[in-house]
Structures are given as C-alpha cells and as structure tokens.
Amino acid sequence: EHKKFRIDAYYLFDVYDDSRGWRTKPNVTALKVFDNKILNTNSQGLRGKQEFSLTRDRQKLRILILGDSFTFGDEVSDDETYSHYLQQLLPQAEVINMGVHGYGHDQMLLLLKQEGLKYQPDIVILGFLGLDMSRNILRFRDFAKPRFTLEGGKLKLTGTPVPSPEEILKWDWARPRILDVFSLLNHAVTKFFGIQKRQMRNITTAILTDMINVVVGIHAVPVFAY
C-alpha cells in the first residue's frame with residue numbers, strides 16, 4: 001500500500017540575494033504561513049505592512065532590530081512578533097524589524113551595513129541567540145551564504161557574490177563526492193578537538209565588535225538582547 005507524504009514548504013517568502021544568500025520577499029500580502037498565521041512584508045521586504053522613509057522624523061525615536069527567525073517571527077503573525085509588542089509599548093517611536101529567518105551574525109552585520117544604516121536609527125538591537133554562532137562558520141544553510149574569516153585579526157568577507165541555487169545545481173554534478181567525505185571528516189575532527197568552538201567564538205566576537213563599532217560610528221546605541 002502506497003502512502004502519501006505531505007511536505008510543508010514554510011519559506012515560500014524567501015528570495016535569493018547575491019550579497020547575503022537570501023532575504024525576505026518584498027510586498028507579500030496576507031500570506032498564510034506557520035499553520036495559518038498571517039505574514040505581510042513591505043516594499044523593502046521588512047516584516048509587517050508599515051513603510052519606513054529613509055528621510056526620518058527627528059521627533060521620533062527610531063529603533064532598528066536585527067536577528068534571526070525569533071526576531072523575524074517564525075510561527076507567529078505580524079502582530080505577535082516582539083518588535084510589534086515593543087512598538088505598542090513605545091507608540092512615539094518607530095520600530096523597524098529587520099530580522100530574517102536563518103541568518104547568522106555575519107549576515108546581520110552585512111544587512112546592517114547595506115540597508116540598516118540608511119534608516120539612520122537611534123538604537124540598534126541585536127536579538128542574540130547562541131545557536132547563531134554556528135552559522136557564522138557555515139558556507140551554506142538555507143541557501144549558499146557569505147562567510148567571514150579572520151586574517152591578522154581582521155574580518156575578511158568570502159563567498160561573494162553568493163552563487164544562486166540554479167548555479168549550484170548546474171555544477172553539482174562536476175563536484176567530486178570525495179569533497180563531501182572530507183568535509184564530514186573535517187567537521188568531526190574540528191568538533192572533537194574543540195577547534196570548531198574556538199572558531200565560532202573568535203569569528204562571532206569579531207563580527208559583534210564590528211557591529212558595535214558601526215553602530216557607535218553613526219552615534220546610535222547598540223543593544224544585545226539575549
């Protein structure tokens with residue numbers, strides 16, 4: 001007897017991005033996701049319906065939030081994200097949710113530099129989760145992604161422009177499978193000897209330090225929310 005298996009595709013609102021791997025699709029309207037929760041995005045792909053002008057009202061405090069799926073709001077509707085509740089608590093402020101599911105701190109830093117600074121925030125909040133540290137040493141997660149390495153104690157960006165899913169599939173046949181075996185063995189060895197943990201710690205420290213410097217450099221206040 002044949003059984004039918006149903007696979008739910010939750011992330012139909014993702015689009016490929018050549019600088020960060022993926023981003024949230026703009027202009028999503030009342031999409032049912034996460035078991036009938038409601039998702040909207042504005043013209044810039046930010047969660048919710050509200051649009052934010054780059055020419056800001058100086059009478060209003062502007063708060064920018066970076067983060068992963070917890071910030072973006074996996075499994076909840078627009079009006080159930082913590083950024084939404086923060087907006088309700090601070091009606092005279094503007095709260096901009098720039099969370100993207102699956103992002104590491106490396107992608108958050110790039111998003112801040114490429115898009116976030118344009119909004120001239122007064123406060124930048126990073127929704128920090130320890131599990132995101134492991135993403136900072138990956139070259140692939142939901143899509144291929146960029147990755148920072150450390151050279152002489154300084155961050156160096158690698159893997160850009162990020163190849164599209166079509167490019168990866170096109171050349172997958174030509175990649176020797178022994179590389180997969182080597183990758184698995186290398187992962188096991190580095191994890192066993194604690195090398196991986198040191199890599200994560202060092203890269204994450206450098207990324208977050210750079211993030212702080214960027215935020216302070218525009219005279220804004222950095223906040224890490226654990």
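User: Which residue forms a salt bridge with Arg 141, and how far apart are the closest N and O atoms?

Analyst: Side chains of opposite charge can pair when their charged atoms come close. Here Arg 141 pairs with Asp 142, and the closest N and O atoms are 2.3 Å apart. A salt bridge is counted when a side-chain nitrogen of Lys or Arg is within 4 Å of a carboxyl oxygen of Asp or Glu. Arg 141 is partly exposed, at 34% relative accessible area. Asp 142 is partly exposed too, at 29%. On that scale, buried is under 20% relative accessible area, exposed is over 50%, and partly exposed lies in between (1.4 Å probe, protein chains only). Elsewhere, salt bridges with shared partners join Asp 68, Asp 132 and Arg 135 into one network.

User: What should I know about the model itself?

Analyst: The model is predicted, so local features need pLDDT of at least 70 and side-chain atom pairs pLDDT 80 or more, while totals for chains, interfaces and linings use all residues. Residues are numbered from 1 along each chain as its sequence is written, and side-chain values use heavy atoms, with hydrogens and water left out.

User: How many salt bridges does the whole structure have?

Analyst: A search finds twelve. One of them joins Lys 145 to Asp 106, with the closest N and O atoms 2.6 Å apart. This pair links distant parts of the chain, 39 residues apart. Lys 145 sits in the loop between helix 4 (132–135) and strand 8 (147–151), and Asp 106 sits in helix 3 (residues 105–114). Helices (H or I, at least four residues) and strands (E, at least two) are DSSP runs, numbered from the N terminus.

User: Are Lys 145 and Asp 106 buried or exposed?

Analyst: Both are buried. Now look at Lys 118 and Glu 115, a salt bridge with closest N and O atoms 3.3 Å apart. Lys 118 is partly exposed, with a relative accessible area of 41%. Glu 115 is partly exposed at 27%.

User: How do I read a pair of aromatic rings?

Analyst: Use the distance of the centres and the angle of the planes. Rings of Phe, Tyr and Trp (its six-membered ring) pair if their centres lie within 6.5 Å; planes under 30 degrees apart are stacked, over 60 edge-to-face, and the rest tilted. This structure holds five aromatic pairs. Trp 22 and Tyr 103 are edge-to-face, at 5.5 Å centre to centre and 70 degrees between the planes. Trp 22 is in strand 2 (residues 21–24), and Tyr 103 is in the loop between strand 6 (93–97) and helix 3, 81 residues apart. Trp 22 is buried, at 0% relative accessibility. Tyr 103 is buried as well, at 0%.

User: Why is the pair of Trp 22 and Phe 143 stacked?

Analyst: The ring centres of Trp 22 and Phe 143 are 5.8 Å apart and the planes are at 20 degrees, so the pair is stacked. Phe 143 lies in the loop between helix 4 and strand 8, so its pairing with Trp 22 ties together parts 121 residues apart in sequence. Phe 143 counts as buried at 16% relative accessibility. Ring pairs also link Phe 13, Phe 34 and Phe 72 into a cluster.

User: Which residues touch the most other members of the largest nonpolar core?

Analyst: In soluble globular proteins, nonpolar side chains tend to be buried together. A nonpolar core is a set of buried Ala, Val, Leu, Ile, Met, Phe, Trp, Tyr and Cys residues joined through side-chain atoms within 4.5 Å. The largest core here has 27 residues, and Leu 66, Ile 96, Met 98, Leu 112, Leu 126 and Met 211 touch the most other members. Strand 5 (61–66), helix 3, strand 7 (123–127) and helix 7 each give two or more residues to this core. Helix 7 gives the most, with six. Another core lies apart from it, with six residues, among them Phe 13, Val 28, Val 33 and Leu 39.
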